[in-house]
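User: Please take a close look at one helix of this model and at what surrounds it. I would like the overall fold first, then the part itself, then the residues around it.

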Amino acid sequence: MGEWPRWENGLADCEIIGRHRILFVMAVGAEYGVHLQRRFTPLLTGVGPIEAAITTGIALADMARSKTLPDLVVSLGSAGSRACALGEIYQVASVSWRDMDASALGFPKGVTPFLDHPADIPLVTPIDLKAVRLSTGANIVTGDAYAAIDADMVDMETFAVARVCQNFNVPLMGLRGVSDGPGDLDGIRGWTELLSVLDERLAAAVDQLAAALSSTRAL
């Protein structure tokens, strides 16, 4: 059996941080370790852009109906990279969708036809942490496949969450820890080996966000 998304009473739960309503979004429980568990309860979407879009869309639609939309959504978890250091945490400066290619029709690669969005969607970066470009897609990138990716990191959910947030006019922040790359991925163990380290370091980044939101800084 797979993991089901986390709802209570049919609605996703927001955390209240510095008078702000924050919705934390993650893909799977394997990335949600003991340190993050002490800080928030996430909306778990499942793996990939389709699951992320469905789950996040339902959650924000429910919250819009109850007039409880978050002030900020935070998408966080692991990522692959050949440019960023293994085990380190980065903010997402912008996110793109590597699966979308309608260039044969004259549209720029990464841009959905007939929609007004750039190939790289900028995200909010409210904390003092290095910000890099992220690419979302439905495939696991490993080894030489990184050469075809026009971004610093890769994941499978953030662009989908970003598009949902745009539809509800909610800002999105991305936090990703590098779990694998730059070489070939050695099965699922190659992904999970650093997740406990990333859990602790992501928790520290969440603490930075809490401090920023509790100060006079606005989103």
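**Overall fold and the helix 3 region**

For a chain of 219 residues, a compact globule would have a radius of gyration near 17 Å; the protein chain has 16 Å, so the two agree. The model is a predicted one. Its C-alpha trace spans about 45 × 40 × 40 Å along the principal axes. The protein chain holds 5 helices and 9 strands, and from the N terminus on these follow the order β-β-α-β-α-β-β-β-β-β-α-β-α-α. Of the 219 residues, 48% count as buried. Among contacts with a separation of 6 or more, 74% are between residues 24 or more positions apart. The exposed surface comes to about 10,600 Å², with carbon and sulfur atoms supplying 53% of it.

The part to look at is helix 3. The buried ones are Thr-158, Phe-159, Ala-160, Val-161, Ala-162, Val-164 and Cys-165. Just after the helix, Asn-169 takes a positive phi of about 55 degrees.

The next point is the core. The largest nonpolar core has 28 residues, and Leu-23, Val-73, Val-95, Leu-123, Met-153, Val-161 and Leu-172 are those with the most contacts inside it. Two or more residues each come from strand 2 (20-26), helix 2 (49-65), strand 4 (72-80), strand 5 (89-97), strand 7 (131-136), helix 3 (158-167) and strand 9 (172-180). Helix 3 gives the most, with 6 residues.

A second, separate core of 24 residues includes Tyr-32, Leu-36, Leu-195 and Ala-212.

Met-156 sits in the loop between strand 8 (153-155) and helix 3. Its relative accessible area is 15%, so Met-156 counts as buried. Leaving out residues up to four places away in sequence, Met-156 touches Val-47, Gly-48 and Pro-49, as well as Thr-136, Gly-137, Ala-138, Asn-139 and Ile-140. The C-alpha atoms of Met-156 and Glu-193, 37 residues apart along the chain, are separated by 19 Å.

Thr-136 lies in strand 7 and is buried, with a relative accessible area of 0%. Beyond its neighbours within four places, Thr-136 is in contact with Asp-155, Met-156, Glu-157, Thr-158 and Phe-159, and also with Val-95, Ser-96, Trp-97, Arg-98 and Asp-99. From Thr-136 to Ala-160, 24 residues along the chain, the C-alpha separation is 8.0 Å.

Strand 9 can also be followed at another residue, Ser-179. Ser-179 is buried, with a relative accessible area of 2%. Not counting residues up to four places away, its contacts are Ser-78, Ala-79, Leu-86, Gly-190, Trp-191, Leu-194, Leu-195 and Leu-198. One of these, Leu-195, is included in the second core.

Conventions: Residues are numbered from 1 along each chain as its sequence is written. This is a predicted model: local features need pLDDT of at least 70, side-chain atom pairs count only at pLDDT 80 or more; totals for chains, interfaces and linings use all residues. Side-chain values use heavy atoms; hydrogens and water are left out. A nonpolar core is a set of buried Ala, Val, Leu, Ile, Met, Phe, Trp, Tyr and Cys residues joined through side-chain atoms within 4.5 Å. Buried means under 20% relative accessible area, exposed over 50%, partly exposed in between (1.4 Å probe, protein chains only). Helices (H or I, at least four residues) and strands (E, at least two) are DSSP runs, numbered from the N terminus. The radius of gyration is taken over C-alpha atoms; the globule rule is 2.2 Å times the number of residues to the power 0.38. Contact means heavy atoms within 4.5 Å. Accessible areas come from the Shrake-Rupley method with a 1.4 Å probe; for residues, only the protein chains shown count as cover.
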